[in-house]
Every structure is written in structure tokens, then in C-alpha cells.
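Please go through the briefing below alongside the sequence and the model. Points are grouped by topic.

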Amino acid sequence: MEKVDRRQFVKQSTAIGVTLGSGAYVSGLLGSASTAQASPLRPPGALSEEDFLSTCIRCMRCVDACPNRALISTPSHAGGAQACTPMMQPRKAACMLCLSEEGDYLKCTEVCPSGALRLIKKTKADIKERVSIGVAEIDFDLCYSYNNWSCGACFRACPLAGEAMTVGMWERPTIHPEACVGCGCCERSCIRYPHAIRVKAVAS
Amino acid sequence: MILQVLRRTVQASVLLVMVSIAFMSLYAHYRSARVIDDDQLMAGMRGEVVTKLIYPYIDALDNPTAFLDGNKGTLWSMKLFGVDLTDPLAAAEMLATSKHIHWPLLISIVIPVVVTLILGRVFCSWICPGYVLFEIASKLRKLLRFAEIQPANVSFSHRNKYIFLFVGLVVAAVCSAPLFALIYPPAVISRIVHAWVFGTALSGMLVLVSVLVAIEVFISPRWWCRTICPGGALYGLLGWLRPIRVKLSKSKCTGCMDCLPVCEAGINPITQSSSIECDNCGVCIRYCGDKALYFTIGLPGQESSSQKIATRATSKAAMFVMLIVPLLGPSTVEGHHILGLPHYSYKENYPQRPTLEYPATTGPYDVLLTSYPGIPVPGEAANIAIYIKNRETRKVYSEPITIRVLQTSTFGDNIIILPSTTRTPFDNEYKIHVTLPIDSEYIVEVSMPVEGRVEVIPFLIVAGQPTALASMVIVGSFSVIIVFVVIRAIHKKRQRKRRMVAGVDHGHEAYEAGSVMNLGEKVL
């Protein structure tokens, strides 16, 4: 065993200390961020938020694969644990459920290497059963159809119209949460600003 | 020499693959959603690249959709010609965070792992874009030394990176959130490239990379690769018993030590060529004047047998294997082409442009400011709607409020665009139409009575694309520094030349002394 001189010892222990310290700091950051932030809208087939954050490897393949560019990578200032994970902002682009794409599976679930997104078949039954991006909510103070106008834009956009959303008189929409998958087409199509209908992530 | 040309070619093609995968994804979006037409992103250079460089080549293929589907992702995990490739570090970390085995992920690391088992740490020296960046940083160091500015030369133990790998995995396992994914340079750099192509902001990542480069240039050469990189540590461990390694022919070596300062891994090729640190970059072979270093096939400690087969032919065979293995990835692109209806576009059915929301809270009220268009166009009227709702009673606020719009100004007072006006709600929201004159940041001040006092809520909105003063200052000062260093380098070179001509060789000695000092410090 060679003798370690003091200078070398101080230097090495400083290096290891800094490494450990920064590791602890980042872990604290990650820990606080994962609990404090509200969960954003995740792609179809995502695991529960906690499992999703621990399983997703942040490779951006699903962001690449989404044909409608609905998935974006969460900016790094959103908090350590959520940085670079995929999320959706339906007002910019909604999930089209790959309905007019080729292939048998939803594209983002097909390319996910880590299993953070479960493979979902492009059949109505599988989509209805296993996709739960969120549930749409209507703000009745903003919705034109509930405020002396008639609109119906959201109903025309809904890929599960008649099941997830029905309309009554003056095309007043009603959401059926058990059938709504949270694709966000209604939010994207709402002609009011701020939009009267928005998708809220399902608390898991 | 040829090996180094090959290495540079591989590095360049990896960079090209990174950029082109991102552009191909943009094009894939265009094919399926037709989002290019009205997209600000596509207006400039990106649109040109997609329409001129991507479109003609992809659409000439038999099955463009399958090809586009077969190329996705970043260097962290990538689908290349339909083959799944994942960084072993990603898989290790994912195992640590999720404590759950996902077989497709483990299958996708097989090719990198097998390549590493045979060829050693070649991911670092042949593929990693971070390595390229840090090689450039060490060239900058050389320039600094040439200009007789001595950057600090702190070195750390190479063992730290194994500790960091272990600690990082434990931290990831404890807090169930990945750490390496956010700091590992190849992942970060390819994410930055991706974000740049997609026009999204990843400023935090950019700051991280700049800090790393600054450390490499000014404090510790090749600090990241040699002493921190967890990926390098993992690849080193995997490639410990690599059959293809650098060998030294003791009979040929004259001990000139030319290989010592050029070693990318910071080891001594004469004594440590079989070490776990060696990344098989082959730079020492190029600089060896005696042809004493060569690639060989064999296990460590087999000096005599490897001496026997240590011919130029073996060396060439090793080179051939190193070249051919990455190309062996079979391209299994399958599928069939259906000319279907175009993806129905919202642009045709629902002519909305995105709005942007700025939420705020005051007292019991949620105040939501929405601007339409999302980023107002300077010189055109922007519609701004303010919607105030009581969080507790779920009732809309309907009393008059006061609104004022200011243009921010870096020097001096803010300019008033819209003087204070009192508004009453229409259809439950307050609306203003205001023309924002130039690309800048604006403040919309909303004043409303809350619990007996007047609250002023400032909303910062951006019109157009203002140039950030901070980034201009940073870029400007960096270029000034580089210009000064180059001027100083030229000046010093001339000085040395003059002294040489005059017969006094002090300047040259000083430069030589500097490089010798540096050489000494590289040996740990």
C-alpha cells in the first residue's frame, strides 16, 4: 500500500465530498419536485404519475413519434424530476389517438423502450379501457352554449362523440367521465378564450 | 492515421444522425398532420431543411412511413433503421429507479453491451458527442497555452467515476427519479440538438453543458470523461476484458513518451495500455513514431502469444472489426404503404390559433389572462381577455376593474401603451384590444379591489421575439475573450519567432516548459 500524501488526500476527499453533496442536493431537489408539482398530462398508456416518473428514461422517442406533435418535452425549469418527460398541452395540439395513422398501435406507446407507456392497441375497446390521459371539465360560466349562444365545436371534435360527450339543447355539452379518455380534442377546438373546456389529469 | 480519419468520420456521422433524426421527425409530423403550413417554426431555415434536404430523399424510398417510424429518439435511447438501441446506463438507472425489469429495454441494450464487451469503451471515443465537445475544449486549452495563458490544471482520481456511478444509482434508487438522464452529456447534448430542431427551450441543459466546457477549458482538462462520467465508468467496467486492445511492443518502444500527452483517457499507454481506462481511441497509435503501439486481439496478460500474432495484419483486422461492427446493425424496416386520407387538420375545421394563458391568484380569486394570438404579433392588434373567478364560491367576478398596459424598457422608465382604463365584463370576461408596437416584453397591470384594498397584478407578456439582453451580453463577451486570446497567441508566436531570429530562445523555452509541465501533471 503506497503512502498517500496529505495534499492528495485532501483533494480526493474534497472531490468525493462534492460528488456526494451534489448527489444529495439533486436528490433533495428531485424529491421535493416530485411531490410539489401538479402532475401534467401524460401520453396515453402512461403508468401512474409516480411510477411513470421512475420508469421513464427521458429519451424523447415518444415526442419524436407523435404524428400530431402533441407530445412535448417538459422544460427543464419545471422541476428536477419532471424535466424532459413527455407531456401534452391540448390547447396547442391534442392527442389524435393515431386514428388516421398506419399501424396497429398508438405510436408513442409503440416506441417507448422503458415500459413507461403501456402498449395500446388501436381498437376502440382498448383505447376506451386503457387510455386515461385525463378527463375533460367544462367551465359553465365560459361555455358559449351555456351562456346564451350555441356552439358545439367540442362535440364535433370529440373522437368518442356520443359516448364521452353528449350534447343537449343549444348544443350544450355534457361530459361522461367514465368514457372520456382525455385526448384534449375538445380543449383544442374550443372557440372561447380562455377555453371553456379543459382536460384535467386524473389523480392517481 | 486511417484509424483517426475513421474515428472522426464515425463521430461526424453520429452528429449527423442526431440532427437528421430530429429533422426527420419534423417531416414525419408534416406528413401526418400537415402542421408545417402555418407553423412559425417552419418559416425559416427549418422549413428549408425539411423541404429541400429531407423530403426528396425520404419520399424516394419505397416505404417512407416505415423508414420515418424506424428512426426515432436521442442517443440515450434510439431506434435506428428499426433497431432498438439503448444506453446501458439508461437501462441500469431505469432498473434502479423503477425496481422492475422491462424486457424490451434489456433486449435493446444487447448490441451496445456486446460491442463494448468486444471493443471496450469505444462508445466514449467513437460515438459520444460529449467526447467531441470536450476534445474541442482541450484544443481551446492548447490555444490558451500557446498564448502563454496557463489555465489551471487540477486532476482528480480516475476512480471517482466508479464511485459516482455507484452513488448515482443508489440516489436514483432511493428517490425513484433518474439523475444521470439529466446530466449525462451524450443524452443532454442530443436532447439539446432535438430541442433546437423542434424550437423548444432547454436553457437549463445548455447552461450545464457550458459549465462543463468551462471547467474543461479553465480548470481541469478532460475532467468529465476521465473522472466523473458514470457512462464511461459503466462502459469501462463492461469492456474490462475486451479482446481488442492497444498493445505495446517493448522491443520497438524507444521510450520517447510521445504517446503520453496525446492520450485522450489521460493514462500512460506505455504501462497502462491494458487498463480499464483505455477507450480504444487509437490516438496513441497514430502518434507513436516507432510503431510500437498497435491494436491486437487477445486477453490481458497474454504477452507472449499476442506478441506472436502482433503483426500489421492483426492490427488491420482489429481496425476492420472496429469499423464493421457498427455497420452490422441489420435494417429490418417492414411495413406496407397505404395511401389514406390525410390526417384531418384542425386548421381546416376549426380555425383556432393557440392562445397563451397567464394564471395568477389574489386573495380568493383566480385571475386568468389569455392573449390571442398566443404570442402577439408586433404592430397588429392583440386580443387580451381577463377572466376572474372566485376559487371558493365558484362565482365569476363581475365588478369593474382597471387595466393598464406598459412596454418594459431595459434603460429608463416603462412606456405606457394603454393608459389606465376601467372595464366592465362582457360575457363574463374583461376584454381589451391593444396594439403592441415592437418585439418586446409588455406588462398588463390589472387592478381590482380585494378584501378592502386595491391589488395590482402585473402580467408579463411577450410580443414577437425580443432579443434577450443577457444572452447578447454572454455571447458578446465570449467572442471578445476568444478574439483577445487569438490576438495574444499570434502576438506571442511573432515574439518567439523574433527571438529565435535574434538567437535568444527564451520565449520558445517558456512555451516548451509549459507543455512539459502539463505533461507531467497528466500522469497520476
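**Briefing on the predicted complex**

B:I270 counts as partly exposed because it has 19 C-beta neighbours inside 10 Å; a residue is buried with 20 or more other C-beta atoms within 10 Å of its own, exposed with 12 or fewer, and partly exposed in between, with C-beta atoms placed from the backbone. This is a predicted model, in which local features need pLDDT of at least 70 and side-chain atom pairs count only at pLDDT 80 or more, while totals for chains, interfaces and linings use all residues. Residues are numbered from 1 along each chain as its sequence is written, and chains are lettered from A and ligands numbered from 1 in the order in which they are written.

**Surroundings of B:I270**

- B:I270 lies in helix α16 (residues 269-272) of chain B; helices (H or I, at least four residues) and strands (E, at least two) are DSSP runs, numbered from the N terminus.
- Leaving aside residues up to four places away in sequence, B:I270 is in contact with B:L248, B:C253 and B:C259, where contact requires C-beta atoms, placed from the backbone, within 7 Å.
- Between the C-alpha atoms of B:I270 and B:V246, which are 24 residues apart along the chain, the separation is 9.8 Å.

**Confidence**

- For the complex, the predictor gives an ipTM of 0.74 and a pTM of 0.74.
- Chain B has a mean pLDDT of 78, with 82% of its residues at 70 or more; pLDDT is the predictor's confidence in each residue, from 0 to 100.
- Of the elements of chain B, strand β9 (residues 401-407) has the highest mean pLDDT (90) and helix α20 (residues 346-349) the lowest (37).
- Residues 302-313 of chain B stay under 50 in pLDDT, and the model has nine contacts for them beyond four places in sequence.
- Residues 325-351 of chain B are also below 50, with 44 contacts in the model beyond near neighbours in sequence.
- Where pLDDT is low, the predicted coordinates should not be read in detail.

**Helix packing in chain B**

- Helices α4 (residues 88-98) and α9 (residues 160-175) of chain B pack at an angle of about 35°, their axes 7 Å apart; axes are lines fitted to C-alpha atoms, for helices over the stretch in contact, and angles run from 0 to 180 degrees between N-to-C directions.
- On α4(B) the contact involves B:A92, B:E93, B:A96 and B:T97, and on α9(B) it involves B:L169, B:A172 and B:A173.

**Strands in chain B**

- Strands β6 (residues 356-362) and β7 (residues 365-372) of chain B pair in the antiparallel sense over seven bridges; pairing requires at least two DSSP bridges between two strands.
- Two residues separate β6(B) from β7(B) in a hairpin, and B:G363 in the turn has a positive phi of about 55°.
- In β7(B), B:L368 stands opposite B:P359.
- β7(B) is also joined, by eight bridges, to the antiparallel strand β8 (residues 381-390) of chain B, where B:I384 is the bridge partner of B:S371.
- An open sheet of four strands in chain B has the order β10-β9-β12-β13, with antiparallel pairing.

**Chain A**

- Chain A has seven helices and six strands.
- Of its 204 residues, 50% count as buried.

Technical notes. Two residues are in contact if their C-beta atoms, placed from the backbone, lie within 7 Å.
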